[in-house]
Each structure stands twice: as structure tokens, then as C-alpha cells.
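Q: Please take a close look at one part of this model, with attention to its charged side chains.

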Amino acid sequence: FHTLLYTKSLTWIHLSNSLTGRHPTSDTSVANLGAAPTGTQTQVQLVLFFPFEYGNNVVPAFPPKKIFTLTPAEVEQRREQLEKYMQAVRQDPMLGASEMFNSFLRKAQQETQQIPTEEVPLEIYLSKRQKVTVNILTSDQTEDVLEAVASKLDLPDDLAGYFSLFLVREGVDGGLTFVRKLQDFELPYVSVTSLRSSEFYIALRKSYWDTAYDSDVMDNRVGLNLLYTQTVSDIERGWILVNKDQHRQLKSLQEKGSKKEFIRLCQTLKYFGYIQFDPCVTDFPEKGCHAIVSAGNNELNFQVKLPNEQMKEGSFKVTRMRCWRVTSSVPVANGTASTSPCSSAKCEVKLELAFEYLMSKDRLQWVTITSRQAIMMSICLQSMVDELMVKKSGGSIKKMLRKRPNGSLHRSESQQAVKSPPLLDSPDPDREQIVKLSTKLSSVSLRGISASNSANDVSGNDFHGNYAFEGIGDDDL
């Protein structure tokens, strides 16, 4: 759910506006439930019928209303309360998958952008030079669009779960930035058109990390072509390292049309299947280091440039990350966060991904990455954990989401076998207990930057434990 906090889309701000009754262009509207200009009936259903349907012991308490008109500061405070409420609901597997909650999110996206339900064409890119156009409804969620793409390509239903839709941005230099993986509740058409820029588009890409699943995909002609196209694109953009001899071998296989052999050879190359992020800044091994971070093979790979210009490379395994969090910091005015954090073109939201890593048997250390793609990095970590847990339970990633007859979403049996972990004990007695890992996403905390608000001054409630975390000994490092 936190992916909608991406600073260019402002979608989460719009969702908060819809809940608070505040028009996107107004900072002084009454922040009372039921005072919203649109979606009032859905909002009331969400608050009144959720406890009735699931019980007060399951549904988190909704922030209380106030009778009188709120000041701008009180409006912002209520929006923060509503943000926490929405995150709490979304993180519960049962509530987050409910048709009532997803219906609310669908309507909120459409109403905020004032996009009616109608049939429209939507372009989905397979590479920079290849794309398909599917006819969808503006109200179609991500899985609906993915199914339409699979049908257009003649990709079998049991392979659709191997792929996902991503929001991508193409830079002026032709470089690609993977902004985020589109989530279940998102409306892809609304997400991409609301950005009002031709730089953004939706791309299809494999969504798994274990290369053993490549065999399943390559057994199908369409799946083989998709994987081949992605691999060629990754080589062209420099994500996969290829030396001259390997390049000659790959070119020979291309000329013969040997796509399977081409992919098999690429599987032996460094960074095959990795997603590379834009240059960022990290505090490891020391503060202020510039780095290139890539996600793949159940790890985050760092290529770090030290202050002395020396280059270092290392990897952080997801199974050794005890927990992680994403924070989003906004500029402040007079010690308080702005009531409209991204209303100005000059506003820059600072995103950070921080994870606690088991460096040795008895030593945990925090590593922080400052990047505009911190949310995407978090999504990659979460999907790695989900995949490890599905594999550990003996399940399959095939068609991981299915639809009930009434249209509501539910997880397949293989996903339901992945249980939320117990609470983890914190090694720091001064830190609050770490909350359980969400089966959906990690949370994002929107906070202001002030003299007393450091990047490391964070609440334990915003951390998520990693159920795939494994204890190791010094000999294993």
C-alpha cells in the first residue's frame, strides 16, 4: 500500500484527501468523515460495516471525528491518523483482501482523478521497442489488466502469475527507472494517466527471483519469447555483465534462433535476473557513499564508490535482514510538516530504505539507502521473502491471485500456507517490539524533517520483521 506514496503520483495524498473530505486543491476543508465531496457512501460502509463484518477485535479503531471545523494543522494531523488506519487495514491479510476495502480504493482513485468508468486502450511494453495494446475498463485493477495482456499474447493462465506489471519511467538519456510494481488494488490506467507525462508507461516483466522457475516459463512458446525479450533488454541496458567472448557466443545463438540456449548461457552471467536501481547514497561502509544497488538472487547487491574514489562491491542476503522500513521525509515550516507536502514543484520528498543486517553471529547493524526508488527496493525485498516462504511451504507461484465469483480477491492455497510470523524480540531494550511481517507490504512513515528529527530517530512500530530471517554463525559469513 505504501507504494502510492511515490512522490510523482501523489496518489496516496489523493486517497487521504478523499477520506478527510479535503479537496486536492484546498488546505482548509473540514476533515470529517462524511464531509467528503465524493465517495461518501463507500467511506461510511468502510467504517460502519467493517467492525460488523469482521469484529472489533480484528478491525483497528477508526480515528474519531471532531465536531468543529479543523485548522490546517489539525487537518494534517487527521490525515496522518487516517494514513495509519489505512496501513493497519491493508496489512491485515483478511481485511486487505476484502472486496469492501478494495472497492473503496478503486473508487477513491477514480473519483480523485475524475475518471469515469469506460473502455479504453492501454499500451503495455514488453521492451523499449515492443508493446501490445489491450482494451480494458478504466476501473480494471492490476490483475484484470494482467489477464487481458496474457490473453492478448496467448500466455497460458497458469503462467500469468510468473509476471507482473510495473510502472516505468524513461529518462532523457533513454535509461529506464522502475518506479514500482503495480499493486493489486491499483487501477493501472488511472495510475499512469494521472502522472500526465509521456515519460511514464507500464511494462510487463517476470516477477519471480529464483531462476529455477525459468524452466517453467521456457516450456511455453510465449513465455520463452517474453523471457528472451527481457534478457536481451537487460543486456542492452547494461544490467547483465557480458565480456567479449560471451558476447560472441550470445550473438551466435541469436543468429541461430536458439533462444533457450541463449537464456541458459545468460543464467550463468553476473546479475542475470537482477533489477538495477538509479544511483543512490548509502551509509555503508561509511556515510555519504555513492552506490549502484541491484536486487536479485534474494539479495541487494552494492557497488559502492568510497570517498577516496575506491570501488567496493558486496551483497546483503535477504535471509540475514532482520527487519526493514521505508521512511518518507517532507520539508517543514515552523517546525511542522507542510499541510500540502507536494503542492510545489520545488518540494522534494526524501525516501530512505533502512534494514537491520546480521553482520556476524552476535552483531546487527543498520544500513540505510537514500533513493527515490526506496519503495521499489522494499517491494523487491518483500517479494523475495514471499517467494521464499511459498517455496518453503511447498507451494507454487503459479497464478498466485485468483478471483472469486463475486469479484473479490483471495490468495491461492500456496499463498495461504504462508503464515504471518510471530513478533520478533528486539536486541535493543530501548526500542519497541517489532511488529509482524505483513503478507502484503512494508509500511511507510510520512514525517517532517526538523533539527531534532534524524534519519535514525524512528518508531519501532514502523518496522517489519522478516519471517525469512535466518540466524547464522561466524563460519557462515
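Which side chain meets that of K270 in a salt bridge?

A: The model is predicted, so local features need pLDDT of at least 70, side-chain atom pairs count only at pLDDT 80 or more, and totals for chains, interfaces and linings use all residues. Residues are numbered from 1 along each chain as its sequence is written, and side-chain values use heavy atoms, with hydrogens and water left out.

The partner of K270 is E313, at 3.0 Å from N to O; a salt bridge here is a side-chain nitrogen of Lys or Arg within 4 Å of a carboxyl oxygen of Asp or Glu. K270 lies in the loop between α12 (259-266) and β6 (275-276), and E313 in strand β10 (residues 311-317), so the pair ties together parts that are 43 residues apart in sequence. Helices (H or I, at least four residues) and strands (E, at least two) are DSSP runs, numbered from the N terminus.

K270 is partly exposed, with a relative accessible area of 42%, and E313 is likewise partly exposed, at 43%. On this scale, buried means under 20% relative accessible area, exposed over 50%, and partly exposed in between (1.4 Å probe, protein chains only).

Elsewhere, salt bridges that share partners join R205, D234 and R237 into one network. The side chains of E76 and R79 also form a salt bridge, again 3.0 Å from N to O. Both of these residues lie in helix α3 (residues 72-91), three residues apart, about one turn of the helix, and both E76 and R79 are buried. By the stated rule, the count comes to 18 salt bridges.
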